[in-house]
Amino acid sequence: MASPAGQPREADGALLFGRYAFPPNERGYCGPDRADELLERVATGASGTALADVARGFEGAWPYLELIGSLLGREPLDPTVVRTYWLGGPELARCGGRPFVDSLETRFRPRLSRLEFERLAAAAVAGATPHHNFHVFGVYPWVGLMRGGMGDAPLQVLDRCRIRWGRLEAIHGDTAVVTSQSLVWDGRRLVLGPAGAETARLRRDGHALTHAVQPGDWVALHWDWVCDRLEPAELAHLQRSTATELAAVGACTYSAPATVLA
């Protein structure tokens, strides 16, 4: 059901986190080795302390939730905090700048040389925010937090790991056909390419991350999964935040994507 005046829907924060966190967890890229449990809890709405414990095990995402929560005066799994991290929104404007740079320094400076960290932090200085897509575009190429051997081409990893949007065209059993835009490397920066059709997963073993989608809906995608239906405001926030992170990372003299794509 759409929310009044186009405002984002309220939801259980831990369940909302799990919808978006499951796809890379299933692949072994991040989070604890509890993917089957995570999917089952999200699909059945089994929130609570056990699901919150799983969420805290995501060493890449959890510090961002803590940062956003501290700056907004909310708990890390507050629905607004979780939605801001995955989809963006006006709250992100309060989460960038010096506090964001300081957080990045605490987390990543010990892993990098002085010059590497300066190049990572340059994107935050240029306007990046603690959105998941910044973590993908601006952090992952420098420090590679995701576990497991990524055999995919770097551009595909950057594209599939980000949260992206698409229009659901058709449902065929446990999969859906979605029209979406993929990332393109133009030789200097990442940009969004033309729209094209892709196949995304809706269910595994009878379990779905979301049950509220139908043809014509705009949906959020992570890796090869449909994570949720997007309200108009959420779609606009995700599009705007993605543009912001791409612009900030692309403005750097030594951009993170160039380290793996150039």
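With a relative accessibility of 1%, C161 counts as buried (buried means under 20% relative accessible area, exposed over 50%, partly exposed in between, with a 1.4 Å probe and protein chains only). C30 is buried as well, at 15%. The sulfur of C30 has its closest cysteine sulfur in C161, 6.8 Å away, which is too far for a bond. A disulfide here is a pair of cysteine sulfur atoms within 2.5 Å, and the structure holds zero of them.

A word on the ground rules: this is a predicted model, where local features need pLDDT of at least 70, side-chain atom pairs count only at pLDDT 80 or more, and totals for chains, interfaces and linings use all residues. Residues are numbered from 1 along each chain as its sequence is written, and side-chain values use heavy atoms, leaving out hydrogens and water.

Now to the nonpolar cores, meaning sets of buried Ala, Val, Leu, Ile, Met, Phe, Trp, Tyr and Cys residues joined through side-chain atoms within 4.5 Å. The largest has 71 residues, and those with the most contacts inside it include F17, W86 and F134. Helix α1 (residues 13–26) supplies the largest share of this core, seven residues. A second, separate core of nine residues includes L168 and L221.

Finally, look at N133 in helix α8 (residues 132–143); helices are DSSP runs of H or I, at least four residues, numbered from the N terminus. N133 is buried, at 0% relative accessible area. A polar atom of its side chain lies 2.8 Å from the backbone nitrogen of I163.

Note on methods: Helix = DSSP H or I, 4+ residues; strand = E, 2+ residues; numbered from the N terminus. Polar contact = N/O pair within 3.5 Å; in protein donor to acceptor, adjacent residues only side chain to side chain.
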